[in-house]
Amino acid sequence: MTDPLSDSFGTTTVSPQERRALIRRVFVEIAPRYDLMNDLMSFGIHRLWKRRFAALAAAKPGETVIDLAGGTGDVARLMAQTGATVLVVDPSTAMMRAGRKPGDRLLFVAGEGEHLPFADGSIDCLTVSFGIRNVTHLGRALTEICRVLKPGGRFLCLEFSRAHPVIRPFYQAWSSTVIPVLGAGVAGSPSAYRYLIESIRRFPDQQAFAGLIGEAGFEGVRWIDLSFGIAAIHIATKPGG
């Protein structure tokens with residue numbers, strides 16, 4: 001499986017070890033303003049995307065669900081409303097600390113996508129929203145996700161993707177000019193948001209990512225474009241259920 005991310009950090013070529021350390025630093029810097037920045041960058045539309053994503057995950061009472069790279073827990077809280085046991089798994093303790101709320105029913109676990117601290121076939125559903133492009137080794141993370149899911153388990157990924165041609169120039173102009181300015185003024189970290197924009201551009205498009213999910217062992221891979229392809233939800237199932 002070709003890994004399109006492991007040797008890059010934005011536009012810079014780095015070793016996988018350097019990529020891992022630099023990304024960890026980014027999320028320490030932006031954790032306090034992460035949710036606010038998401039609202040400003042997307043005009044709040046990311047909340048609509050995430051509600052649809054959580055509904056498609058269809059977590060059920062009694063199920064164990066992982067929200068990988070779940071950060072501040074916004075998607076996990078939507079899924080926990082069904083009565084499922086939902087674990088936020090994220091390598092950034094700063095992000096999880098920023099997201100904790102009094103009375104939370106969520107469980108927070110430090111962990112990264114390539115090395116999930118769970119037994120084979122132990123998880124009913126695993127979701128990841130706007131986090132899969134920040135792993136160090138995309139192929140390894142997808143294989144690891146497949147490992148921990150039960151046969152028939154569900155994998156859903158919400159990620160920025162390739163916008164449709166009609167809106168692509170406007171979206172690229174917005175992301176390359178306005179978002180770093182917001183990152184400087186609101187989050188105090190323009191370089192972090194320049195990295196996030198470049199990571200979106202380097203991430204595989206809808207069809208290529210679907211191919212990588214299939215290579216990792218999943219079946220029934222499909223995707224749903226959101227907002228003319230600015231984001232997409234990929235859905236797949238572990239064979240054997």
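Does Asp 120 count as buried or exposed? In this predicted model, Asp 120 comes out as exposed, since its relative accessibility is 57% and the cut-off for that label is over 50%. Its side chain meets that of Arg 147 in a salt bridge, at 2.5 Å from N to O. The pairing brings together distant parts of the chain: Asp 120 sits in the loop between strand E5 (107-110) and E6, while Arg 147 belongs to helix H6, 27 residues away. Arg 147 itself is partly exposed, at 25% relative accessibility.

Arg 147 also has a salt bridge to Glu 144, at 2.8 Å from N to O. Here both partners lie in helix H6, three residues or about one turn apart. Glu 144 is buried, at 13% relative accessible area. Put together, Asp 120, Glu 144 and Arg 147 make up a network of salt bridges.

Elsewhere, the whole-structure search turns up seven salt bridges. One of them joins Glu 63 to Arg 154, with the closest N and O atoms 2.9 Å apart. It spans 91 residues, from the loop between H3 and strand E3 (64-68) to strand E7 (residues 149-160). Glu 63 counts as buried, at 11%.

In one, the rings of Trp 49 and Phe 130 have centres 6.1 Å apart and planes at 45°, so the pair is tilted. Trp 49 is in helix H3 and Phe 130 in the loop between strand E6 (123-129) and helix H6 (138-148), so parts 81 residues apart in sequence are tied together. Both are buried, Trp 49 at 7% and Phe 130 at 8%. Ring pairs bring Phe 160 into a cluster with these two.

Notes
Residues numbered from 1 in each chain as written. Predicted model: local features only at pLDDT ≥ 70, side-chain atom pairs only at ≥ 80, totals over all residues. Heavy atoms only, no water. Phe/Tyr/Trp six-rings, centres within 6.5 Å; stacked < 30°, edge-to-face > 60°. Helix = DSSP H or I, 4+ residues; strand = E, 2+ residues; numbered from the N terminus. Buried < 20%, exposed > 50% of the residue type's maximum accessible area, 1.4 Å probe, protein only. Salt bridge = Lys/Arg side-chain N within 4 Å of Asp/Glu carboxyl O.
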